[in-house]
Amino acid sequence: MTNENKPQAPASAQAPLVDGYEVVIGIEIHCQLNTKTKIFSSASTLFGQEPNTQANIVDLAMPGALPVLNKDVVEKAVMFGLGVNAEIGMMNAFDRKNYFYPDLPKGYQISQMAHPIVGAGYIDIVVNEGEKNEYPKRIHITRAHLEEDAGKSVHDAVPQMTGVDLNRAGTPLIEIVSEPDMRSAAEAVAYVKAIHQLVTWLGISDAIMAEGSFRADCNVSVRKPGEPFGTRNELKNINSFRFIEMAINREVERQIEDIERGIPIKQATRLYDPQKDETIAMREKEEANDYRYFPDPDLLPVHIDTATFEQIKNAMPELPVARRERFQSALGLPEYDSRILTASRSLADYFEQVVAKVGHDNAKLAANWIMGDLLGALNKDEKTIEQSPISVSQFAKLLERIKDNTLSGKLAKQAFIALFAGEGGDDETAVDKIIADKGLKQETDTGAIKAIVEDVLKNNQAMVDEYKSGKEKAFNGLVGQVMKASKGKANPAQVNQLLKELIG
């Protein structure tokens, strides 16, 4: 691809300096791929099992046990590469990365150094999304390579001991390495969120940060504008968006304080303690030559043939940005709505399935109810859209009853609450059953509503006089009295029309 044909980065604002210093951040994300078995063995990757029950002779590095590459891992890595507009290493190879930890059985980690499966790419992010100071930015990705995870050291305070759990040893990871393009903690969080959204959207990872299947190492340095990059410190294994922001901001403060006091910054790996809100030096940072990389003699180079590549490419889902743009162009949704509704692939699917039932003309109505009532109820119950107690067909039926004037907005909210609570059954007839059982059907008979309006006007002459004298609030009061008298069942549009006609 020539430079002329490369897609251009969107124009973006510049992150502010911190006490006169520019912050420089690059991030390495370790994302566990959601295969059923490990990258080089047949052992299960299921999370939360008893320690050391999911590690076989390959994971334990028993003499003579040889690794065999899991094909699913390669396909998922290619999907990621396509998702970040990257060059794909059609010929890639594995290397040995040598270091010695108690939870690394072989004394080396199988990784990719010289020939990674994913080369240079990029992802576009939105910083401070939804706020007045939001802006777009393109973050370049240096590479993404496959590797195996290590085990886990478990430290117990009582008794004072460390145990080693090798269940995680050999689980497949893709390590995503960014360029040092980020200039603030906000940009770093937006980038990590964008990668998190992408891998879950593609279905290649569950990316559950609390379980360690999505972790970020943040390389942070500061410099005066125009000067060379400063000495970086790596903040290791941060597993929440909030802690990423807190850790980076604290490390920036620490580095600036030391520089201002004349203390040189030493390259090191640091841990973030959220309780104390401080970063703690763990060890001096290793360089690539410290790991003595060399090609793994037990694994052949991986050749991805054209047919396999095209098969993976053709199976790719529509990506979040493309879907967001389609929601705006084809369905007429505002940019804000389309962003919310594409926060996850499952949510976008749910919305689109509802629209398919109620029609494109009702897309905005569907968006309002999903973003407001449904997501609000799900968040309150700490549920995801996949766990929604209201099915697509039930939700569509609720919207249909709003459109055909069976339900007013207020009555529809009552029906929604009952539907969310599981009342009425588990199919689309639940909506009509709830309406019938709770007597929620909107009154649309003009004669019946007119009688109520006439009675309200007769008993509220003072309010009528106020409205006639120019006080608009008085009219709203009269509407409220009619709705109260009808127990919320009168059609609001008819109420407004009849009041104006009868008041004259």
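A residue is called buried here when its relative accessible area is under 20%, and exposed when that area is over 50%. The model described is a predicted one.

The chain has 15 helices and 15 strands. Its radius of gyration is 29 Å, well over the 23 Å that the globule rule gives for 504 residues, so the chain is more spread out than a compact globule. Along the principal axes, the C-alpha atoms fill a box of roughly 90 × 60 × 55 Å. Of the 504 residues, 47% are buried. The chain exposes about 25400 Å², and carbon and sulfur atoms supply 51% of that area. Among contacts between residues at least 6 apart in sequence, 69% join residues at least 24 apart.

H9 covers residues 392-403, which is 12 residues. From its first C-alpha to its last it reaches 17 Å, close to the 16 Å expected at 1.5 Å a residue. The helix is mostly covered, with 9 of its 12 residues buried. Those buried residues are Val 392, Gln 394, Phe 395, Ala 396, Lys 397, Leu 398, Leu 399, Arg 401 and Ile 402. They pack against four helices: H7 (345-358), H8 (363-380), H10 (409-420) and H11 (429-438). Just after H9, Asn 405 takes a positive phi of about 70°.

Most residues other than glycine have a negative phi. Two further residues with a positive value can be located in the chain. Glu 382 lies in the loop between H8 and H9, and its phi is near 55°. Asp 19 is found in the segment before E1, with phi near 50°. At 64% relative accessibility, Asp 19 counts as exposed too.A residue is called buried here when its relative accessible area is under 20%, and exposed when that area is over 50%. The model described is a predicted one.

The chain has 15 helices and 15 strands. Its radius of gyration is 29 Å, well over the 23 Å that the globule rule gives for 504 residues, so the chain is more spread out than a compact globule. Along the principal axes, the C-alpha atoms fill a box of roughly 90 × 60 × 55 Å. Of the 504 residues, 47% are buried. The chain exposes about 25400 Å², and carbon and sulfur atoms supply 51% of that area. Among contacts between residues at least 6 apart in sequence, 69% join residues at least 24 apart.

Helix H9 is a place to look at burial in detail. H9 covers residues 392-403, which is 12 residues. From its first C-alpha to its last it reaches 17 Å, close to the 16 Å expected at 1.5 Å a residue. The helix is mostly covered, with 9 of its 12 residues buried. Those buried residues are Val 392, Gln 394, Phe 395, Ala 396, Lys 397, Leu 398, Leu 399, Arg 401 and Ile 402. They pack against helix H7 (345-358), helix H8 (363-380), helix H10 (409-420) and helix H11 (429-438). Just after H9, Asn 405 takes a positive phi of about 70°.

Most residues other than glycine have a negative phi. Glu 382, in the loop between H8 and H9, has a positive phi near 55°. Asp 19 counts as exposed because its relative accessibility is 64%.

The aromatic rings come next. A search of the whole structure finds 9 aromatic pairs. One of them joins Phe 40 and Phe 94, with 5.3 Å from centre to centre and 80° between the planes, an edge-to-face arrangement. This pair links distant parts of the chain, 54 residues apart. Phe 40 sits in the loop between strand E1 (22-32) and helix H1 (71-83), while Phe 94 sits in the loop between strand E2 (91-92) and strand E3 (95-98). Both Phe 40 and Phe 94 are buried.

Another pair is formed by Tyr 99 and Tyr 291, whose ring centres are 5.8 Å apart. Their planes meet at 70°, over the 60 degrees that edge-to-face requires, so this pair is edge-to-face. Here the partners are 192 residues apart. Tyr 99 belongs to the loop between E3 and strand E4 (108-111), and Tyr 291 to the loop between strand E13 (278-284) and strand E14 (294-295). Both tyrosines, Tyr 99 and Tyr 291, are buried. Together with Tyr 101 and Tyr 293, they form one aromatic cluster.

Tyr 291 also has a charge over its ring: the charged end of Lys 97 sits there, 4.4 Å from the ring centre.

Technical notes: Residues are numbered from 1 along each chain as its sequence is written. This is a predicted model: local features need pLDDT of at least 70, side-chain atom pairs count only at pLDDT 80 or more; totals for chains, interfaces and linings use all residues. Side-chain values use heavy atoms; hydrogens and water are left out. Rings of Phe, Tyr and Trp (its six-membered ring) pair if their centres lie within 6.5 Å; planes under 30 degrees apart count as stacked, over 60 as edge-to-face and the rest as tilted. Helices (H or I, at least four residues) and strands (E, at least two) are DSSP runs, numbered from the N terminus. Buried means under 20% relative accessible area, exposed over 50%, partly exposed in between (1.4 Å probe, protein chains only). A charge sits over a ring if NZ of Lys or CZ of Arg is within 6 Å of the ring centre and within 35 degrees of the ring normal. The expected span of a helix is 1.5 Å times one less than its number of residues. Contact means heavy atoms within 4.5 Å. The radius of gyration is taken over C-alpha atoms; the globule rule is 2.2 Å times the number of residues to the power 0.38. Accessible areas come from the Shrake-Rupley method with a 1.4 Å probe; for residues, only the protein chains shown count as cover.
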